Structure formats: structure tokens, C-alpha cells
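Subject: Structure handover

Hi,

Here is the structure I promised to pass on.

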Amino acid sequence: MSEFAIYPSLKGMPVIISGGASGIGEGIVRAFAEQGSKVGFVDIAAEAGRKLEAELNAAGATVKFTECDITDVAAYQAAIRAFEAAHGPALALVNNAANDLRHKWEEVTPEFWDKSIAVNARHAFFAAQAVLPGMIAARKGSIINFGSISWMILTGNLAAYTASKAAMHGLSRSLARDVGKHGIRVNTLVPGWIMTERQLTHWVDDAANRLIDEQQALAGRLYPADIARMALFLAADDSKMISAQDFVVDGGWAHG
């Protein structure tokens with residue numbers, strides 16, 4: 001028996017998640033599948049995506065994976081249409097996909113900048129554009145854009161990424177105004193330092209662990225499941241009167 005909430009409104013709900021094959025995205029896919037949602041997710045990691053799809057469907061879930069580069073807007077919107085043909089119009093969209101590749105400001109080229117914006121922000125708008133007609137017809141829906149505490153805590157060597165993630169807050173608030181009259185809410189979910197395999201492999205060393213211990217108000221570490229639980233709440237009817245807000249799940253990080 002889980003110690004965490006079950007949301008009746010999520011059972012059978014069509015949900016679309018980007019970047020769902022690993023890390024935070026995988027945690028979100030698993031969480032919605034456990035709630036009985038009809039989950040469609042995309043990722044460029046085809047093998048991992050197919051493996052997760054097969055595992056969850058074998059356990060009785062309704063999950064569909066499509067290999068897709070979310071920077072290819074036409075391909076991504078086509079994948080969304082295919083999910084909706086299979087599961088029905090999406091009532092929740094989780095714009096999770098991103099790439100926090102470190103970079104020095106003096107080495108950034110216009111091409112690198114544009115690619116960073118595309119993988120970290122542009123796809124979120126065009127995914128919303130694709131699902132909104134169905135949500136408007138249903139008179140309900142939830143769009144969850146992913147931010148980051150990185151720009152809030154002055155993280156360096158990430159200018160293109162932090163610019164993208166700061167932009168997600170503006171996107172959420174403007175879209176919230178545009179579509180709120182249709183019963184659709186748009187919020188930003190802001191993770192702290194999440195212990196994904198990527199983070200543990202590349203950046204979480206002894207110094208990083210000391211920093212986390214110093215900066216987090218709560219002891220312990222954040223994991224994808226901690227973020228997924230907030231995504232569930234924001235997609236469920238429990239949050240039906242919450243929109244244009246930021247939800248920071250960072251263990252109480254000292255933001256200065």
C-alpha cells in the first residue's frame with residue numbers, strides 16, 4: 001500500500017509527457033501510470049523508452065511511447081496527434097524535456113544558443129499549441145511547464161539553459177491568462193537538485209554533496225518521485241483553481 005495520494009480524477013486521464021524515458025521524466029511517467037492515467041511520452045532515447053513502455057504495460061498500465069526529437073516541432077506535434085488518436089485528447093501536458101549542458105559564456109555560438117532554446121523552452125509552447133484545442137473542447141486541462149532553481153540561485157556556466165528556464169515562468173503566466181477562461185490552468189513546476197542518474201554521474205561529487213547539505217533546509221536528497229508527486233497534484237482536479245503559479249520542490253534551498 002502506497003503512503004502517497006491516489007487521485008480519482010487521474011484514472012483514465014490522457015496525459016502527455018516529454019523527456020519521459022529517464023530521470024525526472026521517467027519518474028513522472030511511472031507516477032501517472034500508477035494512477036491509471038493513459039500516458040503518452042516521447043524521448044530521443046528509443047531503447048530506454050521502449051523498455052519503460054513494455055514494463056509498465058506488462059504491469060497493466062496504458063502507456064504509449066514514441067521516439068521523437070522535441071526540437072522538431074512538426075514531428076513532435078504529429079506524435080501528440082497520434083497519442084490523442086490512441087488515448088483521446090490530452091487533459092494534462094507535462095513539459096519536462098530539457099538539457100542542462102554546461103557551457104562557458106565566451107564559447108557560446110548563435111547556433112548553440114538557438115539549439116538550447118529549442119530543447120529547453122520552444123517545444124513547450126508548441127506542445128501546448130497542439131493540445132489546447134482538445135482541452136478547450138473539454139473545458140478543462142492542465143499544462144505543467146518545468147522551470148529550474150538554477151537561475152534563481154545564480155548558477156554559472158549555464159546562461160542559455162537558465163535563460164530558457166526563466167522564460168518558462170513567463171510562458172506559464174501568459175498562457176494561463178489566455179486559456180483560463182476555458183477552465184485550463186498553466187503552472188510552473190520548479191525542481192531543485194534532483195538525484196537523477198545524469199546528475200550523479202556528471203556533477204554530484206563530494207563538494208556538491210556538501211553544498212546540498214549546506215543549502216537545503218530539509219535533510220536528505222530529492223529524487224524524481226518527489227517531483228512526480230507535485231506533477232500529479234497539478235494535473236489532478238484537486239488543483240482545479242490553481243493557475244499561473246510557481247511550485248518549487250527543492251528541499252527548501254537557500255535562494256539568497
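The structure holds 1 cavity of 30 Å³ or more. A cavity here is a set of points, on a 1 Å grid over the protein atoms alone, where a 1.4 Å probe fits but cannot get out. Grid points are joined across faces, edges and corners, and a volume is the space filled by probe spheres set on the points. The largest cavity has a volume of about 30 Å³. Its lining consists of M13, L91, K140, G141, S142, R185, A235 and D237; lining residues have an atom within 4 Å of a point. By class, that lining has 3 nonpolar, 2 polar and 3 charged residues. Ala, Val, Leu, Ile, Met, Phe, Trp, Tyr, Cys and Pro count as nonpolar, Asp, Glu, Lys and Arg as charged, and the others, Gly among them, as polar.

Before the rest, the ground rules. This is a predicted model, in which local features need pLDDT of at least 70 and side-chain atom pairs count only at pLDDT 80 or more, while totals for chains, interfaces and linings use all residues. Residues are numbered from 1 along each chain as its sequence is written, and side-chain values use heavy atoms, with hydrogens and water left out.

Next, the pockets. A pocket is an open set of points with protein on both sides within 12 Å along at least five of seven lines. The largest pocket holds about 1300 Å³ of space. It is lined by 44 residues, and A98, D100, Y161, R198 and Q199 lie nearest its centre. Elements giving two or more residues to this lining are α1, β2 (38–43), α5 (159–179) and α6. Helices (H or I, at least four residues) and strands (E, at least two) are DSSP runs, numbered from the N terminus. α1 gives the most, with 4 residues. The lining divides into 20 nonpolar, 16 polar and 8 charged residues.

The second largest pocket has about 240 Å³ of space. Of its 13 lining residues, F4, A31, E34, R229 and L232 are the closest to its centre. α1 and α8 (224–235) each supply at least two. R229 also lies over the face of F4, 3.9 Å from the ring centre (the rule: NZ of Lys or CZ of Arg within 6 Å of the ring centre and within 35 degrees of the ring normal).

Buried means under 20% relative accessible area, exposed over 50%, partly exposed in between (1.4 Å probe, protein chains only). G36 follows α1, with a positive phi near 85°.

Last, the rings. There are 3 aromatic pairs (Phe, Tyr and Trp, its six-membered ring, with centres within 6.5 Å; planes under 30 degrees apart are stacked, over 60 edge-to-face, the rest tilted). F125 and F126 pair edge-to-face, 5.0 Å centre to centre with 85° between the planes. F125 is partly exposed at 33% relative accessibility, and F126 is partly exposed at 27%. W193 and W253 form a tilted pair, at 6.4 Å and 50°. This pair links distant parts of the chain, 60 residues apart. W193 is buried at 18%, and W253 is buried at 8%.

Best wishes
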